[in-house]
Amino acid sequence: MSGLKVLNEGYEEKYGFNDPESFVFKTAKGLNGSIVSQISAVKNEPAWMRDFRLKALDIFGKKPMPTWGGDLSKIDFNKYTYFLNPSEKTAHSWDEVPADIKKTFDRLGIPAAEQKFLGGVGAQYESQTVYHKLREDLAKQGVIFTDTDTALKEHPELFKKFFGTVVPPGDNKFAALNTAVWSGGSFVYIPAGVKVKVPLQAYFRINAKNIGQFERTLIIADKDSEVHYIEGCTAPVYSTDSLHSAVVEVIALEGAKVRYTTIQNWSSNVYNLVTKRAFAYKNAVVEWVDGNLGSALTMKYPCVVLKGEGARADILSVAYAGANQHQDAGAKIIHLASNTTSRVISKSVSKSGGRSTYRGLVRIPSGVKNVVTSVRCDALLLDSKSRSDTYPSMKVEEPSATVAHEASVGRVGEEQLFYLTSRGLSKSEALSLIVLGFIAEFTKELPMEYSVELNKLISLEMEGAL
Amino acid sequence: MKLELIDLHVSFEGKRILSGVSLVISPGEVHALMGPNGSGKSTLSSVLAGHPSYKVEQGDILVDGKSILSLNASERAKLGLFLSFQNPIEVQGVSVSKLLFHALKSQDPKLSFVDFKKRVSDVASKLNVEFALERDINVGFSGGEKKRLEVLQLLLLKPKLAILDELDSGLDIDSLNLLASAVNDLRSSDFSALVITHYPRILGVLKPDFVHVLSQGKIVMSGSKELASEIEKHGYGALVK
């Protein structure tokens, strides 16, 4: 454990605490048709959803483990608990949340953040959404922000129309797994013309050991609407691993604007395998702002499919890999309509033997005219033990496309450190400033509270780095 | 602060650059160090400020009688040493103002942001560098602007001993006069300076108490400020064999 402590410096005191596991319902370890049916039954789901889950389980069983990306060989699907329900129901005021769970979110600062700057908050603990609240004025305008299980019951038409259309179960093995056992996540619907100016936020917390968390998020932004959705994730530091495999589907209809901000800060024993994809219709804008810290392995490639003319995609990501961590992250842009634009900026920082991989794809089929795309990936290595790889794939079949691609790998310069320390800064302080400067393009896109938090986390990581 | 270099031998990447430099700078004194290109002037400034790539092979550096060889750059700065860089380093994504805040905090951990702002804006307006405060350190600045920022840091950090490594290179006359007189204003019995330069012009303003000539890693000649005019008239060639 002392080794683990070092890996998660700063993490443990802040997020690494765990509370005794308590639950009202929990499936047996392992995965099979009866467990999937049990999950569906305990949620009182309609038959179509149960069948959809079982079909996905079948696909999951048939698809081989991916052999690219990170090392997945240590994942044993039989050792996880796939569904753990810590409380009877979703509360709509923090007072109704069971005391021990509320204490956790208090420590993470969630209720305070809700009061300060958020339009709505969802909090998921293990498999269950334990709290959900939307500001009244937004609800009055017809905004729906609820957990995905509730949405299935209360908004069946919307749900059935869009669920699984952006990321079908057959997309990849982990999307199939998620579809089979999903629980919780956020469901957001913004009516046509409604512009939500304050962010909606969800917070996902894994507490128990050897658990799988499979939230499912579906965001539908109707014509000319606007929304900013934020999610944060943490887990305690255990010596055994947990699995987080989420699916996020975003639909931005004509003229809509969706920004999805994620700051994931997992402990270094979490496998984080996430499928995030958005459809952007005519003149819609989709922005993924994606920060990945921690985890044993993250494989995540936010994707935007530009389906309508004039649509725009922006994917901005930062990955930080410390000791024994592999961040295999990137971006995918598929241009299916003319006059669409996309921009990818990826920043990675590797330290103490950590490994960061950028894996990206931009596809412009022939006949799709006047596409403009730019991809930039910058990697910063803090020592010679660490590693960075870049696999940018540009599949451009159309001559009218304007394509720019840049990649850089740098080490923290001794001259920069000397310059800053000669002004009286300590080495770790100087290193923090350099690293934070390197990712500044990313942090400046975050709400203030998040950028402060991220800066603090990075500074903690830099202590004792030299 | 009293700075003593005792028979200092320094190498960089295995190559000997300084071969026995001895020099004493007492509180209140301004020393000029001149010398041809490649004589080791910038090595001397780097090694004094604690650059980790320069290796002291022999000799010692004392501050008020105590060796500082085991101190890193940050610790030396805290003692009151300051280096104005010949080629100030660019740092992407870090604003000048952020650097200044951290640097001043290292001297006074209780410094409030309001007091900081006030201190900085007074000095920055004197040097005409307000425009640079929120920009990334030295990124996209002209040579002259970079030198102004070095002097801004010097005036704010108020060191006991400043090493000015070619402060005058790349400056027009007006800027040179502005910066040199700003440094001149610091002169007191608590402030001393080592001014490294090729040109006597800056010395006309800074009026050094002593002038030294460095050649091939050694001080080959020392004198009063008249030595600088000799060098201007005759070049190093005539003085250094």
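This is a short tour of a predicted model, with stops in chain A and then chain B.

**Stop 1: confidence in chain A**

Colour chain A by pLDDT. The average is 88, and 93% of the residues score at least 70. Now select residues 1-8 of chain A, where the pLDDT is below 50. Leaving out near neighbours in sequence, this stretch still has 13 contacts in the model.

**Stop 2: A:Asp378**

Select strand E22 of chain A, residues 372-381, and find A:Asp378 within this strand. Is A:Asp378 buried or exposed? Its relative accessibility is 12%, and the cut-off for buried is under 20%, so A:Asp378 counts as buried.

Next, show the side chain of A:Arg376. A polar contact of 3.2 Å links this side chain to that of A:Asp378.

**Stop 3: aromatic rings and charges**

Over all chains, the whole structure holds 21 aromatic pairs. For one aromatic cluster, select A:Trp48, A:Phe52, A:Phe159, A:Phe163, A:Trp182 and A:Phe187. When looking at any two paired rings, note that such a pair is described by the distance of the centres and the angle of the planes.

Two other rings in chain A have a charged residue over the face. Select A:Phe279 and A:Lys307: the lysine lies over the face of the ring, at 4.1 Å from the ring centre. Then select A:Tyr419 and A:Arg423, where the arginine lies over the ring face at 4.7 Å from the centre.

**Stop 4: strand E1 of chain B**

Move to chain B and select residues 3-12, which make up strand E1. How many of its ten residues are buried? Seven are, and the strand is mostly covered.

E1(B) and E2(B) run antiparallel and are joined by eight bridges. To see one pairing, pick B:Glu4, whose bridge partner in E2(B) is B:Val24.

Definitions and conventions
Residues numbered from 1 in each chain as written. Chains lettered and ligands numbered in written order. Predicted model: local features only at pLDDT ≥ 70, side-chain atom pairs only at ≥ 80, totals over all residues. Heavy atoms only, no water. Helix = DSSP H or I, 4+ residues; strand = E, 2+ residues; numbered from the N terminus. Buried < 20%, exposed > 50% of the residue type's maximum accessible area, 1.4 Å probe, protein only. Polar contact = N/O pair within 3.5 Å; in protein donor to acceptor, adjacent residues only side chain to side chain. Phe/Tyr/Trp six-rings, centres within 6.5 Å; stacked < 30°, edge-to-face > 60°. Lys NZ or Arg CZ within 6 Å of the ring centre and 35° of its normal. pLDDT = per-residue confidence, 0-100. Contact = heavy atoms within 4.5 Å. Pairing = 2+ DSSP bridges.
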